[in-house]
Amino acid sequence: MRPISDFIGDLPKAELHLHIEGTLEPEMVFELAERNRVRLRHRSPEELRAAYDFNSLQEFLDLYYQGMGVLHTEDDFCDLTLAYMRRAAADSVRHAEIFFDPQAHASRGVPFPVVLDGIAEGLRRAERELGVTSRLILCFLRDRDAAEAMATLEVALPYCDRIVGVGLDSAEVGHPPSKFREVFARARAEGFLAVAHAGEEGPPAYVAEALDVLGAVRIDHGVRAAEDRALVRRLAAEAVPLTVCPLSNLRLAVYDSLDKHPLRRLAEAGVPVTINSDDPPYFGGYINDNYRAVQETFGFSRDELAGFARASFAASFLDPADKARHIAEVDAYLATG
Ligand code: HPA
Ligand code: ZN
């Protein structure tokens with residue numbers, strides 16, 4: 001039988017938690033800085049990569065916002081997106097649901113249509129070239145005020161046919177989901193699906209709030225829900241998917257080692273957990289690196305790994321027929337792989 005690492009390599013899967021701006025490899029930061037005549041604080045890609053050593057979400061966010069300062073034109077966003085999609089396809093990703101942060105670009109003078117058209121063109125080319133499908137999720141920055149989020153939603157409305165949902169990211173603690181009640185109510189009324197980062201650094205109560213106040217149908221991270229047994233029972237009973245990012249949690253010091261990570265406990269409690277990469281170059285791994293790291297830590301079998309892959313399609317925003325087709329591909333792969 002093939003090594004389990006190779007089994008993971010070819011296992012068909014969906015990526016459901018991925019920030020497109022967080023896929024900037026240091027080499028691309030330097031390439032785009034030169035193209036757009038942006039001055040950088042670091043002298044080489046190696047020096048920049050060496051700075052990816054964080055003790056908290058905020059330390060990461062400071063570099064993340066700095067890094068995306070090289071993105072200016074539609075072509076920049078298209079190149080970034082296509083580079084990620086090619087890398088994802090190499091990891092047997094068949095479908096990707098991708099976050100973008102329009103406020104982080106508008107505040108640098110990059111208008112919404114430049115960002116959206118560039119990303120959308122990259123996604124179109126990826127589907128044509130690689131057969132990988134995708135959806136886009138607009139994230140509001142929770143450490144800015146709700147009025148700015150509402151204004152962003154209004155700017156995005158004419159493009160709603162290209163955006164499946166809205167989410168909530170950036171610094172979590174002190175910025176509870178309830179701050180965005182009206183924004184999410186409006187977004188849902190306009191037909192967007194709702195997701196939210198919750199329970200990454202913030203308390204389990206933020207996870208419940210994201211469900212009850214924002215109408216979230218999927219929780220990004222959600223790992224700190226494991227601290228509240230009643231909440232875990234609820235997530236299992238209501239089949240609320242969590243988009244878990246193990247290497248991100250490790251690199252942002254949510255857990256000091258992977259064996260303390262609640263992934264296995266949550267899965268065994270019946271919560272639909274999925275495995276994802278968040279911001280791969282910043283956290284030292286793409287989606288297969290995340291699958292391999294948790295397999296090594298928890299000793300997951302081929303069956304269990306296929307279960308995570310099935311869960312990723314089931315929790316996606318694909319149509320039921322497409323979900324079934326991808327899940328059948330996982331089943332066929334497990335039978336032979
Ligand atoms: N958490 C919150 N905000 C983010 C993240 C994250 O992991 N990545 C990019 N923005
Ligand atoms: Zn995230």
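Student: How many cavities of 30 Å³ or more does a search of the whole structure find?
Tutor: Bearing in mind that this is a predicted model, a search of the whole structure finds one cavity of 30 Å³ or more. The volume of the largest cavity is about 110 Å³, and among the 18 residues lining this cavity, those closest to its centre are His19, Leu57, Phe60, Leu61 and His197.

Student: Which element gives the most to the lining of the largest cavity?
Tutor: That is α4, which contributes five residues to the lining. Both β1, covering 13-19, and α4 supply at least two residues each.

Student: And how does that lining divide by class, nonpolar, polar and charged?
Tutor: The lining of the largest cavity divides into seven nonpolar, six polar and five charged residues.

Student: OK, ligand next. Where does ligand 1 sit?
Tutor: Ligand 1 sits in the largest cavity. The residues that surround ligand 1 are His19, Leu57, Phe60, Leu61, Tyr64, Asp169, Ser170, His197, Glu200, His221, Asp278 and Asp279.

Student: What is the split by class in that shell?
Tutor: The shell around ligand 1 holds four nonpolar, four polar and four charged residues. Helix α4, residues 57-67, gives the most to this shell, with four residues.

Student: Which side chain has an N or O atom 2.8 Å from a nitrogen atom of ligand 1?
Tutor: Glu200 does, through an N or O atom of its side chain, and Asp279 likewise places a polar side-chain atom 2.8 Å from a nitrogen atom of ligand 1. On the oxygen side, a polar side-chain atom of His221 lies 3.3 Å from an oxygen atom of the ligand.

Student: How much of what ligand 1 exposes alone does the protein bury?
Tutor: The protein buries 100% of the 260 Å² that ligand 1 exposes when taken alone.

Student: Switching to pockets, what volume does the largest pocket have?
Tutor: The largest pocket has a volume of about 260 Å³. Its lining consists of 13 residues, and Leu123, Glu127, Ser134, Arg135 and Arg162 are the ones nearest its centre.

Student: Which elements supply at least two residues each to that lining?
Tutor: They are α7, which spans 112-130, and β3, which spans 133-141. By class, the lining of the largest pocket comprises five nonpolar, two polar and six charged residues.

Note on methods
Residues numbered from 1 in each chain as written. Chains lettered and ligands numbered in written order. Predicted model: local features only at pLDDT ≥ 70, side-chain atom pairs only at ≥ 80, totals over all residues. Heavy atoms only, no water. Near = heavy atom within 4 Å. Polar contact = N/O pair within 3.5 Å; in protein donor to acceptor, adjacent residues only side chain to side chain. Areas by Shrake-Rupley, 256 points an atom, 1.4 Å probe, with all protein chains shown as cover. 1 Å grid on protein atoms, 1.4 Å probe; cavity = no way out; pocket = protein on both sides within 12 Å on 5 of 7 lines; lining within 4 Å. Sits in = over half its atoms within 2 Å of the grid points. Nonpolar A, V, L, I, M, F, W, Y, C, P; charged D, E, K, R; others polar. Points joined across faces, edges and corners; volume = space filled by probe spheres on them.
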